[in-house]
Amino acid sequence: CRGWRGMTGDNSRRFLQIPRSGTGDHSCPNARGAPSNGVGNGNQNDTRGDRFADKFDVSEFLSKKIGGISSLLRPPRDDSKRRDSRKEGQGQTSAVSDGKAGPLSSRPTIFVDFDMTITTIHLFQLLARNGARNADESLSLLSRVSDERLVKWVEFPTETASGHNDEFSFDDDIIAYGSRLLMLKGEFNRLSRFADLVVLSRNYEDVIEHVLKRLKLRHLFKSIIGSEKLLNYYDSSKGVAMEKIVTRLNRSKARAVLIDDSPQELMDAKGRKMKIIPVRVEDFYGGVTQAQLQRLRKWLLDEN
């Protein structure tokens, strides 16, 4: 993600449809969130959650269990402690044998940013400007956001603040699907058939889980790497995370792709010899488009 400047104070509160509340940390998280200070944990002295527009109530928060390639999130073992390759399970073998890796897998790994890439707004900044100081407080606010409003946060606006509607309406781009949310479901589903999709973001993992599950997108991603895992395992660097993951999967960096709106993150990945798809941002809105996802799919299939 990158800074979401300009939408502050009453503007962000009206956008979120909540009454005035306290302020919070406005920067992207690079570390574990501070302990919850009352919102969502029964503290009777903090009533911001009660003042939030209560249009949707989530009965339970998401499971924190990460499937698929969750083992990649653990620090790598020392090579001296690895055992020789042995057949396991249904004919599977270890990627390390006698200290030498086998041939690289051609399966692509696609890393997708969350804020202003999957969503069209910077959700982390929006919640922070309305008082969320950590993951628990962000979830408390999100649990009271209606499904209708949540869907709007992944749709392109019909007109941007500058009055231009040619860049972000994308009528021709999503006409076959009818909405951007349906487009994301369709295009990510097609990609997931022959590639592993991983959310790589500086937002909180629990917030991303919550939003993707409600939007019926969670099952399309093998794993979610957010601010806490980036700090604990990857030196707060998306480039380092991509390199370590593709290496442990025994895959080629040339088949790793980052979809992101941040020029800094994109240049870092490109400098590490990985592919990039820049997401355009205008008037505080962004989002990967159908045309970009279709070109990515065509390129990956042509490379096979």
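Visitor: What makes the approach of the side chains of D196 and R251 a polar contact?

Guide: In this predicted model, the side chains of D196 and R251 are joined at 2.6 Å.

Visitor: Where is D196 found, and why is D196 called buried?

Guide: D196 is found in strand β4, which covers residues 196–200. Its relative accessibility is 5%; buried means under 20%, so D196 counts as buried.

Visitor: Which residues is D196 in contact with, leaving aside its neighbours within four places in sequence?

Guide: These are R107, P108, T109, I110, K222 and R251.

Visitor: How many aromatic pairs does a search of the whole structure find, and why is the pair of F188 and F221 called edge-to-face?

Guide: The search finds three aromatic pairs. The ring centres of F188 and F221 lie 5.3 Å apart and their planes stand at 65 degrees. Centres must lie within 6.5 Å, and an angle over 60 degrees counts as edge-to-face; the pair is therefore edge-to-face.

Visitor: What parts of the chain does this pair link?

Guide: The pair links distant parts, 33 residues apart: F188 belongs to helix α6 (residues 180–192), while F221 lies in the loop between α7 (205–214) and β5 (223–225). Both F188 and F221 are buried.

Visitor: Why is the pair of Y233 and Y234 described as edge-to-face?

Guide: The centres of the rings of Y233 and Y234 are 6.3 Å apart, with the planes at 65 degrees, so this pair is edge-to-face. As for accessibility, Y234 counts as buried at 0%, whereas Y233, with a relative accessible area of 30%, is partly exposed.

Visitor: How do you know that the charged end of R180 sits over the ring of F156?

Guide: The charged end of R180 is 4.8 Å from the centre of the F156 ring and sits over that ring. The distance limit is 6 Å.

Visitor: Why are the buried residues of α10 said to line one face of the helix?

Guide: In α10 (residues 263–271), E265, L266 and A269 are buried. Seen down the helix axis, the buried residues of α10 fall within an arc of 100 degrees, so they line one face. They pack against α9 (238–248), β6 (256–260) and β7 (275–278). On the other side of α10, Q264, M267, K270 and G271 are exposed.

Note on methods:
Residues are numbered from 1 along each chain as its sequence is written. This is a predicted model: local features need pLDDT of at least 70, side-chain atom pairs count only at pLDDT 80 or more; totals for chains, interfaces and linings use all residues. Side-chain values use heavy atoms; hydrogens and water are left out. Rings of Phe, Tyr and Trp (its six-membered ring) pair if their centres lie within 6.5 Å; planes under 30 degrees apart count as stacked, over 60 as edge-to-face and the rest as tilted. Helices (H or I, at least four residues) and strands (E, at least two) are DSSP runs, numbered from the N terminus. Buried means under 20% relative accessible area, exposed over 50%, partly exposed in between (1.4 Å probe, protein chains only). A charge sits over a ring if NZ of Lys or CZ of Arg is within 6 Å of the ring centre and within 35 degrees of the ring normal. A polar contact is a pair of N or O atoms within 3.5 Å; within protein, one must be able to donate a hydrogen and the other to accept it, and residues adjacent in sequence count only if both atoms are side-chain atoms. Contact means heavy atoms within 4.5 Å. The arc is that of the directions from the helix axis to the C-beta atoms.
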